[in-house]
Amino acid sequence: STNLIAVSAKTNCGGPVLVMGVVSGTNTKMLIGTIPTTSNYQAVNFEVVDNSTLSGKVFSGIWLESSWSGGFQVFELAARSGPCYEFAGIDFGKPVAVSALTVRHYAGTGGTVTATYYESSLDQITWQGINTNGPIPSITTDALDVEIYPAVLMRYVRVRHVLQEKASFKVFVWELSAWDTNGKNGQLGTVKPNPVSFRKLVGVNGIYGWGTGSYSSTLTPQLGPSVFSPACGHARNYQNWNWDVSDPTVIPAFDQMVAPGSSDYGALPGSGSRLNFNWLNWDNEYTAWKASGMEVEVSVQFSSSSFPQNLFKNPFVNGYNYGYFFSRHFGRKNGTGDVASMEVGNEPWIAGMGYSDPVFYSTLLMGMAKGAKDGDPTMRVLPAHFGSLSDNLQRFNASHIRYLDALNVHAYSWMQTLVGRTGVHPEHNMSTIHQVNGLLRFRDGELPGMPVYLTEWGWDSPGGGEDCNPPPGSSGSSDPICVSEAAQALYAVRGALLLARKGLARLTWYFYGNQAITPTSWTQTKALFARSGLTSSSAAGFKNKASLYALKDFVKTLGDVYFKSVIREDRVAYIYALQNKLNVTTHIVAWRPLDAATPDSLNVSFSMSNTPVKAWKLGYTSLQMSSIPKIKLIAPGSIQWTMALTVYPTVVELSSVRSSLSCASPCLNGGQCIDGSCACLTGFSGPACESIGCFQDCWQRGTCSKDGKCTCSAFYGSGGNGGEGGRCHAEDFLVAGTCRDNPALFDAASNCLLPRCKNDCSGHGTCTGNGCVCNIGWGGTTCQNTTCPFNCRSHGVCNSATGVCQCRSGFVGKSCEWADNYVRKSTCPAALPNLCADGSCALSVGACILRQKYGQTTPTWTASQYSAPTIPAVAYFASSNLAAANQIGDGSQSTFWQSGICFATGYVSVPEINIVANACAAGRCTMSTSTGTVSTAAATSTMTDMDFNTAASGFFNSATGKAYIQISFTTSTNLIAV
């Protein structure tokens, strides 16, 4: 027995047909409705739920009868005891483990749908709901990402929309995609050590003047590049092509960026520059960036809004000319030496601003890359970033690679959740930061050893006095893409560690500072990236955010080490081994890969051959010391570590000396003897842990006595004169009017915060903590001379007496043109500066790799083998409009499945909803008529076969004067509709 919501029938009769419900227990019949002759051959619905007499009654059957002597035909009889719904789904053909879905659908507004569900099944009979951590919205404008953990075994998956009663509405599914246990972005291959130190890995995206509107060469150390150099080994600038020239056919006059008649590159050029923006002098900018200690990388930016494609009369030649003169002026060998890398475009594909023609960009890339190498072979050249590997391979091939030194990608860490695009931690399986995996798989398969630069990444967050709320006059709530300020700082460190493990060669944070949020930017994108800065915006005073402090500590403590290997990497713990440049393991770093707000710690054990020396935590606004892991000797050379892990990475420095000897004397104060030496508990030191340890070993600025007190070196401690001081911090001697160091170097009037140089660098340079950094064309200790070649490229001091450059640490060459780590220990000529693994020389890194892997052949590449494929569909199914069901799996956001109208007729054809068809198909109904009982099979083939074109006929009984049909359910049910 059941309640009924609705009953539906299609009949043909010379008289009215009565539709009645058989009341459970009494077998009395209650009229549900009458089908008039005017409704012959039409599906008629009766809403039982709206009938106060019938509502709530429990029925055991449905009775159809007519008094017409000719009997009647029944084309279809259906009923339902539950709500009407529509669905579309995928049949994988066999059970598979699914770990992720991406879904996009539309089910209207205004209460047409009561709920939407994602469901899986092994047999298409029993369905299980898929957890989405909250109610699914009826409309997903952007595809919704659904992580399924642990993975669920399923053969069928579907989207089901449950409609409001009487809702005559069509629903849609645009996309339903599923991935196996490798995840939405796939896995990487063998883990390899990263050859780039963390100091060189981490960088920042800047721009002319760093938001001040003034040249960086004129800024104090509290503004501009000096703010970021302690945290970043490189900086990337967006150099707009249209700032340099008015038209892409014009050759840029980089050698004429000074006022007429002036040789002073240090003064603002006023309106004398020959560039398109006549105040512009890039030398003033890049010299200061380089002087701060950061390598300079430039993205040559252009778009269809600034340079429409029709302005390029010959894209190859136009690109070649710009690349040649750019490299010739700024290159490390033939130019000023201030720019190490250039990118041919930033994102020249963005809708409304990009170039849709792949051939156009391909031609331009070839021209600019070749021109850059002809101008200065040492200039590293990269392509622009494009949205997918397929987009990349439409625009470059092996011919381009011969002039390229790295590949380029952008990626951020968010996912589409129930509340929209949401910032997530970098280890999250659905994070978009893992989209780099496809390009890395391609690199490993086709161009092994080719560097990949992640030139934009990061998180948005409040901080520095600015929030993520809509601006005045705009509606809405805080953008969910913003994480907390603490989370941005934490994820910056964890993200750098994770991306180093993936094998990336550059990690360039976007952006240096927050940007203004306007009503227009909020309406368009909810001000995406406006809060991605490491500092606040200029309007808020460029205040440092927690992320800048966290990256400074990261680079300060781990800048000179490298990722080595994975010890553990799962949902419980990430544990990595780090090494020095001699490939000796020096540190362990470990954390819980969870949301930043997770407060709990967890003890995790693993085996090591080293002993811990000291430990600290990263990701905070200041360095946090930590207790060293508990250790236990398992066997010679094998030590069990137990670490209490939190979401903040714990770094453990390892002992560098190991032996198999016993300790010379017992370890005191709780210390343990491990491989011949005492491992002391936090707070104790000495060969036998006999001394009270000093905090952070007096920060290497003094000596630690046995009673745990620091005796500080000169300029530290009391009054800056040495002696006993709590921690020997710089702030111990930074007092008003007294300089902590050489008074000639720092200005006492600024409490030693600002540098002071003799003669103010003669007006031809910038005063820094390293002395004068002279403008191009000037040299000497106070920038008083112009005798050395290229003014030592601002990387050294010119000896005016000898005309010889005295290069700063890190640079060599007659004009200090080479970074010492770049100088090859080889005999490669200047025209082919890259030493390949086989000992040969080549123009670019790409040329080396092509020669080594392919020899003289020219390879062709496809993207499909390196993508993370969806689980293929064997078939598609739907509650209605089956012909369009395959469009949910075609990978297109513009095609879709559209249902029928469920309320009027749809439930007749859906056995899950139609309880008559469901019961009869399962052998749970009987049928009796005025002429006798007919078989279930006969009923199923006619009245309950869900086909409006087949009918059961006759049934008139002359003895009773009636024709009737009754379908009885062996188990009673509620009815919603007939």
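## Ground rules

Since this is a predicted model, local features need pLDDT of at least 70 and side-chain atom pairs count only at pLDDT 80 or more, while totals for chains, interfaces and linings use all residues. Residues are numbered from 1 along each chain as its sequence is written, and side-chain values use heavy atoms, with hydrogens and water left out.

## The parallel sheet

Eight strands line up as an open sheet with parallel pairing, in the order β16-β15-β14-β13-β12-β21-β20-β17. Strands (E, at least two residues) and helices (H or I, at least four) are DSSP runs numbered from the N terminus, and two strands pair if DSSP finds at least two bridges between them. At the edges stand β16 (380-383) and β17 (407-410), each with a single partner strand, so one side of each has no neighbour in the sheet. From one strand to the next, the twist averages 25 degrees; axes here are lines fitted to C-alpha atoms, for helices over the stretch in contact, with angles running from 0 to 180 degrees between N-to-C directions.

## Around P225

P225 is found in helix α2 and counts as buried at 3% relative accessibility. For that label, buried means under 20% relative accessible area, exposed over 50%, and partly exposed in between (1.4 Å probe, protein chains only). P225 and W289 are 64 residues apart in sequence, yet their C-alpha atoms are 5.7 Å apart in space. Leaving out residues up to four places away in sequence, P225 touches W210, S216, A288, W289, S292 and M294.

W210 lies in the loop between β12 and α2 (225-228) and, at 2% relative accessibility, counts as buried.

## An antiparallel set

Strand β26 (residues 612-617) pairs with β30 (residues 650-654) in the antiparallel sense over five bridges, with K614 opposite E653 in β30. β26 is also joined to β27 (residues 624-626), again antiparallel, by three bridges; here W616 has M625 as its bridge partner. β26 and β27 make a hairpin with six residues between them, and G619 in the turn has a positive phi of about 105 degrees.

N583 is another non-glycine with a positive phi, of about 65 degrees. N583 is in the loop between β23 (574-579) and β24 (585-591) and counts as exposed at 53% relative accessibility.

There's also a cis peptide bond between Y149 and P150, with omega at about -10 degrees. P150 is found in strand β10 (residues 144-163).

Notes
Contact = heavy atoms within 4.5 Å.
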